[in-house]
Amino acid sequence: MATIQEPKVIIVGAGPAGLATAACLKKKSVPYLVLEKDDCYGSMWKKYSYDRLHLHLDKQFCQLPHIPFPSSSPTYIPKKEFIQYLDDYVSHFNISPLYKRTVESAFFEESTRKWNVKVRNGNSGDVEEYFSKFLVVATGEASYPFIPQVPGLENFAGEAIHTTKYKNGEKFKGKRVLVVGCGNSGMEIALDLANHGAKTSIIVRSQIHLISREMAYLGLVMLLKYSVPYKLVDLIMVMLSKVKYGEISKYYGVKR
């Protein structure tokens, strides 16, 4: 086991949150180290996202610290432009993560008042040990694909894939496709499949509200700019949804 560095801050994850943290520390001249399990930064965007992906929120709510999106950029940034934005961001702040580093353990040592972080080097297979005063976990909430255990799925003759393996609906033209889940990716992939000529169906586990981009923008403004209580914002969003879309169970088979 090798001890390589003792930065003041260790950042786990080189996605947008990890990069933003690194940039802010760089501005303050605070020594840091970024550990990333994949072989690139922004891997969810660069390797595991579908072609038509856009930011689902207004760009002003998604830009990283110190570098705003250009005024000429569209309101909802497409995948290609967001990746270029990340490239420019990393270049501007000269962020150099250590790649293929999987954190196996992290604990705070009371005797030294430092974090002890043990990392598996995916290139050499060695375990590396790092120490720091502060630890920032920026691994994201969707870093590991999850496919539930569905009885009979192993006998399904067709193709079953997770959204991280989906790029576009071109190869599904004319085929029957079932999308499970109606989050942002589920809804957008279902639309992409339909646009490519697939016979698309979508199922959801629980009841939903339909919220437009404009409603989401209004909700964020109320929360972030005017500090309106989130329960009140939720109530307003539900009312707006009913006014705009009516009783959705008539059209979508979903009761609320």
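Two strands count as paired if DSSP finds at least two bridges between them. I start from that, on a model that is predicted.

**Entry 1: the sheet**

I looked up strand 2 against strand 7. Strand 2 covers residues 9–12 and pairs with strand 7 in the parallel sense, over four bridges. I then asked which residue of strand 7 stands opposite Val9. I found Phe134 there.

I get three strands in an open sheet, ordered 3-2-7, with parallel pairing. Strand 3 (32–35) and strand 7 (134–137) are the edges. Each has a single partner strand, so one side of each lacks a neighbour in the sheet. On average, neighbouring strands here are turned by 15° against each other, direction ignored.

**Entry 2: helix 6**

I checked the length of helix 6 (residues 230–245) first. Its 16 residues, at 1.5 Å a residue, should span 22 Å. The end C-alpha atoms are 22 Å apart, which agrees.

Which residues of helix 6 are buried? I list Val233, Met237 and Ser241. They cover an arc of only 75° around the axis, so they sit on the same side of helix 6. The general rule I keep in mind is that an α-helix has 3.6 residues a turn, so residues three or four places apart point the same way.

I turned to the face of helix 6 away from the buried side. That face carries the exposed residues Lys231, Lys242 and Val243. I also looked for what covers the buried residues of helix 6, and helix 5 (213–225) is included in that cover. Just after helix 6, I noted Gly246 with a positive phi of about 70°.

**Entry 3: salt bridges**

I searched the whole structure and got 11 salt bridges. In general, side chains of opposite charge can pair when their charged atoms come close. I took several in turn.

Glu128 and Arg101 meet through their side chains at 2.8 Å, N to O. This pair links distant parts of the chain: Glu128 is in strand 6 (residues 127–132) and Arg101 is in strand 4 (residues 101–109), 27 residues apart. Glu128 has 6% relative accessibility, so I count Glu128 as buried. Arg101 has 12%, so Arg101 counts as buried too.

Glu104 and Arg120 form a salt bridge at 3.0 Å, N to O. Glu104 lies in strand 4 and Arg120 in strand 5 (residues 114–121), so the pair ties together parts 16 residues apart in sequence. I find Glu104 partly exposed, with a relative accessible area of 46%. Arg120 is partly exposed at 33%.

Lys171 and Glu159 meet at 3.2 Å, N to O. Both are in the loop between strand 7 and strand 8 (176–180), 12 residues apart. Glu159 is partly exposed, with a relative accessible area of 48%.

Last, I looked for shared partners.

Terms used
Residues numbered from 1 in each chain as written. Predicted model: local features only at pLDDT ≥ 70, side-chain atom pairs only at ≥ 80, totals over all residues. Heavy atoms only, no water. Helix = DSSP H or I, 4+ residues; strand = E, 2+ residues; numbered from the N terminus. Axes fitted to C-alpha atoms, helices over the stretch in contact; angles between N-to-C directions. Expected span 1.5 Å × (residues − 1). Buried < 20%, exposed > 50% of the residue type's maximum accessible area, 1.4 Å probe, protein only. Arc of directions from axis to C-beta. Contact = heavy atoms within 4.5 Å. Salt bridge = Lys/Arg side-chain N within 4 Å of Asp/Glu carboxyl O.
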